[in-house]
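Subject: Structure handover

Hello,

Here is the structure we talked about. My notes on what was found in it follow below.

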Amino acid sequence: MFTPVHAFSGFSVDDIDAARSFYSEKLGLTVADDDMGILRITLPGGAEVIAYPKPDHTPATFTILNFVVSDVDAAVDELNGRGVTTKIYEDENLPTDEKGVMRDNGPTIAWFRDPAGNVLSVISQ
C-alpha cells in the first residue's frame, strides 16, 4: 500500500558551495549540509527541498521554486539590492517590465536564477 509519511522535492546544482551561499545569504533561507554533500533547504512554512551536486548538471528550464510574497515589487527591489537579477526573460510570450515583473497576465510574478541557472520566482498571493 502506498502510504507516504513525508515528501520532498529536489533539484541539481553544479556548485554546492555557490548554492549554499545563494540560498542562505541571498535568499535568507535555512540551509543545512548532510553527510552526503546534499543541501537541505528549509522553505517558508517549514517544507524542505534538497539541492544535490551533479557534475553534468543542466539548469531546469521551468520554475523549480515559487516564493509567494505579499508585494512582488518590494521583493524584486530587495532581491536586486542583494545582487539577484530578476530581468531574465526577453520573450514576447512572457512580457515583463524593466525589473522583470510580469503583470496583468495571471498573478504578478518575477523570475530569477540560482547560481546553477535553475529558475525561481517571487509571485503574488
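Two strands are taken to pair if DSSP finds at least two bridges between them. Helices (H or I, at least four residues) and strands (E, at least two) are DSSP runs, numbered from the N terminus. This is a predicted model, in which local features need pLDDT of at least 70 and side-chain atom pairs count only at pLDDT 80 or more, while totals for chains, interfaces and linings use all residues. Residues are numbered from 1 along each chain as its sequence is written, and side-chain values use heavy atoms, with hydrogens and water left out.

The sheet: strand 1 and strand 4 (residues 48-53) pair in the parallel sense over 5 bridges. Within that pairing, S12 has Y52 of strand 4 as its bridge partner. Both strands belong to an open sheet of 4 strands with the order 1-4-3-2 and mixed pairing. Strand 1 (9-13) and strand 2 (30-33) stand at the edges with a single partner strand each, so one side of each has no neighbour in the sheet.

Helix 1 (residues 16-26): I16, A19, F22 and Y23 are buried (under 20% relative accessible area, with exposed over 50% and partly exposed in between; 1.4 Å probe, protein chains only). Those buried residues fall within an arc of 125° seen down the axis, so they line one face of the helix; the arc is that of the directions from the helix axis to the C-beta atoms. D15 caps the N-terminal end of helix 1, with a side-chain oxygen 3.1 Å from the backbone nitrogen of D17. After helix 1 comes G28, with a positive phi near 75°.

Helix 2 (72-81): its buried residues are V72, A75, V76 and L79. They cover an arc of only 100° around the axis, which puts them on the same side of helix 2. D71 caps the N-terminal end of helix 2, where a side-chain oxygen lies 3.1 Å from the backbone nitrogen of D73. G83 follows helix 2 and has a positive phi, near 90°.

T96: this residue is in the loop between helix 2 and strand 6 (101-102). T96 counts as buried because its relative accessibility is 18%. Leaving aside neighbours within four places in sequence, T96 is in contact (heavy atoms within 4.5 Å) with K87, Y89, V101, M102 and W111.

From the record: UniProt places the feature "domain: VOC" (unreviewed entry) at residues 4-125. UniProt positions are in the numbering used here, feature names are shortened, and annotations may be inferred rather than shown by experiment.

Regards

Notes
A polar contact is a pair of N or O atoms within 3.5 Å; within protein, one must be able to donate a hydrogen and the other to accept it, and residues adjacent in sequence count only if both atoms are side-chain atoms.
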